[in-house]
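Hi everyone, thanks for coming.

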Amino acid sequence: MDFLTLFGIYVAVVLTCIALVCKYSGHQQTPLGLLLDKFTGIVSPWIPQRIQSFCYRSMHRLFHQRNNLFLFLHLLLEVVVYGEFSYEVFGFCSDMGTSSISLCVPYVLLAVKSYLFYLCCSRDPGTLTKANHTAQLKVYQYDEKLFHQGVRCSTCQLLKPARSKHCRVCNRCVQRFDHHCVWVNNCIGAQNTRFFLLYLLSVCAMAADVAVLTADMLLKAVLRTGLLHAHYIDEQGEQQLAGPIFIIQHLFLTFPRIVFMLGFLVFVFFLLAGYFMFHMYLALINQTSNEWFKGKGHSCQHCHPYSAHNCRTSYNPFRGFYYRGILKNLGEIFWPLCPAQKKEN
Ligand SMILES: *[C@@H]1O[C@H](CO)[C@@H](O)[C@H](O)[C@H]1NC(C)=O
Ligand SMILES: [Zn+2]
Ligand SMILES: [Zn+2]
C-alpha cells in the first residue's frame with residue numbers, strides 16, 4: 001500500500017511538470033495544458049489572491065524570461081540517473097559478465113549529448129540585427145499567408161524576413177524561428193535546429209541504452225534467483241507458480257531505485273522519441289513548429305483577398321510553401337541558407 005501511494009505521488013508530480021511545461025512553453029492547446037486550465041479554474045476560488053499572484057509571477061519568470069533553472073534540473077536528473085547507473089547497475093552487470101565495452105557506451109553517449117547540448121545552448125539561433133537583417137530578407141520568399149512583405153517587428157522595428165519571428169522570451173527577432181526551448185534556454189532557429197535535432201536523438205539513444213542495460217540486469221537478477229520456477233503456498237494450501245506479478249513485486253522490493261529509474265527512462269524515451277519524430281517530420285517537409293502551429297486550420301478563405309490567387313496555386317498542407325524536396329529540405333537544416341546561396345534556386 002505504501003508503495004502504491006508513493007508511486008501515485010510520483011506519477012502525479014511527473015504529469016504536473018509535463019502539463020506546466022506544455023502550457024507555458026508556447027505550444028498552447030495541448031490536452032494536458034487544457035486539463036491544467038480546468039484544474040486551476042476549479043481550485044482558484046479557494047486560494048488566497050496573494051498566493052495566486054505569487055504563483056503566476058513565478059511561472060512567468062520560469063517560462064517567459066530567460067533563466068537557467070531548467071539547465072540545472074537537466075543536470076540534476078542526469079547526475080541522479082548516471083549516479084544510480086554507475087553505483088548499482090554497472091558493478092552488478094560487470095559481475096554478471098556483460099562486456100565492459102557495452103557498459104561504457106552510456107558514458108560515450110553522455111559525452112556526445114553534453115557537447116550537443118552545449119552547442120544548442122550557446123550557438124546563436126540566427127538573431128536578426130540592424131546590420132544583417134537586410135541580407136536575410138532575401139533568403140526566403142514571402143508566402144503571403146503566414147508571412148507578408150513589408151511587415152515590421154513591433155519591438156525591434158526591423159523589417160521581418162519571411163519565416164522569422166520575434167521571440168518574446170529572448171526579446172529578439174530570429175531567422176527561421178522554430179520555437180523557444182526552455183530546456184536549452186535558447187531559441188531554436190536557422191543556425192541551431194541541426195544541433196537541436198541531434199541533441200534530441202542523442203538523449204533518446206542515451207535513455208534507450210541505459211534502459212536496456214538496466215532491464216538486462218534485472219532480468220539476470222531474476223534468472224539468478226530462480227524466481228521463474230519458484231512456487232509458493234496460497235491460502236488454500238495449494239502450491240502455485242510465482243507469476244509475473246510476484247516477480248515484479250519482488251523486483252520493486254529488492255531494487256526500488258533501479259525499478260523507478262527504469263520507469264523514468266522508458267517514459268523519457270517515449271516522450272522524446274515522439275518529439276524527435278515530430279521535429280524530424282517537420283524538417284522533412286521544411287516547416288518550422290511556428291509555421292505548423294500557426295498554419296493548422298488555415299484555409300484559403302482566410303487569406304488576404306489580394307493573395308487569393310497565389311494561395312490556390314501553392315497551398316498544400318503536406319507540401320508547404322517552402323518544400324523543396326526531401327533531400328534539399330534536410331540539407332537546409334544542416335547547411336542553413338545564406339543570402340548569397342539563394343540565387344542558385
Ligand atoms: C547577425 O549578426 C549577429 C551579430 O553579429 C549574429 O549573432 C547573428 O548570427 C547574425 N544573424 C544571422 C542570421 O546570420
Ligand atoms: Zn523583433
Ligand atoms: Zn528565445
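Some housekeeping before that. This is a predicted model, where local features need pLDDT of at least 70, side-chain atom pairs count only at pLDDT 80 or more, and totals for chains, interfaces and linings use all residues. Residues are numbered from 1 along each chain as its sequence is written, chains are lettered from A and ligands numbered from 1 in the order in which they are written, and side-chain values use heavy atoms, with hydrogens and water left out.

Okay, zinc. Which residues coordinate the zinc ion that is ligand 2? The donors are Cys 153 (SG), Cys 156 (SG), His 166 (ND1) and Cys 173 (SG), at 2.0 to 2.3 Å. A donor here is an N, O or S atom within 2.8 Å of the metal (3.2 Å for Na, K and Ca), and since water is not among the atoms, sites may look incomplete.

Why do we call the arrangement around ligand 2 tetrahedral? Because the four donor atoms subtend angles of 102 to 118°. The rule is that four donors count as tetrahedral if all angles lie between 85 and 135 degrees.

If you read along the sequence, the donor residues of ligand 2 are spaced C-x2-C-x9-H-x6-C. Two of them link distant parts of the chain: Cys 156 is in the loop between α6 (133-136) and β1 (165-167), while His 166 is in strand β1, 10 residues apart. Those labels come from DSSP runs, numbered from the N terminus: helices are H or I with at least four residues, and strands are E with at least two.

His 166 comes in at 11%, so it counts as buried. The cut-offs are under 20% relative accessible area for buried, over 50% for exposed, and partly exposed in between, with a 1.4 Å probe and protein chains only. Cys 153 sits in the loop between α6 and β1, and it is buried, with a relative accessible area of 2%. Its C-alpha is 9.5 Å from that of Arg 172, and the two residues are 19 apart in sequence.

On to the zinc ion that is ligand 3. Cys 167 (SG), Cys 170 (SG), His 180 (ND1) and Cys 187 (SG) coordinate it at 2.0 to 2.3 Å. Its four donor atoms make angles of 101 to 129°, and the site is tetrahedral. The sequence spacing for ligand 3 reads C-x2-C-x9-H-x6-C. Here the pair linking distant parts of the chain is Cys 170, in the loop between β1 and β2 (172-174), and His 180, in strand β3 (residues 179-181), 10 residues apart. Cys 170 counts as buried at 15% relative accessibility, and His 180 counts as buried at 10%.

Next up, ligand 1. What is around it? Asp 124, Gly 126, Thr 127, Thr 129, Asn 132 and Gln 136, where being around the ligand means having a heavy atom within 4 Å of it.

Let's look at some distances. An oxygen of ligand 1 is 3.0 Å from a side-chain N or O atom of Asp 124. A ligand 1 nitrogen lies 2.7 Å from a polar backbone atom of Thr 127. And an oxygen of ligand 1 is 2.3 Å from a side-chain N or O atom of Asn 132. Taken alone, ligand 1 exposes 360 Å², and the protein buries 59% of that.

Last stop, some loops. Most residues other than glycine have a negative phi. Arg 176 isn't a glycine, yet it has a positive phi of about 45°. You'll find Arg 176 in the loop between β2 and β3, buried with a relative accessible area of 3%.

Asn 286 isn't a glycine either, and its phi is positive, about 55°. It sits in the loop between α9 (256-284) and α10 (289-295), and it is buried, with a relative accessible area of 1%.

Technical notes. Four donors count as tetrahedral if all angles lie between 85 and 135 degrees; four count as square planar and six as octahedral if opposite donors are over 155 degrees apart and all others between 65 and 115; anything else is irregular. A polar contact is a pair of N or O atoms within 3.5 Å; within protein, one must be able to donate a hydrogen and the other to accept it, and residues adjacent in sequence count only if both atoms are side-chain atoms. Accessible areas come from the Shrake-Rupley method with a 1.4 Å probe; for residues, only the protein chains shown count as cover.
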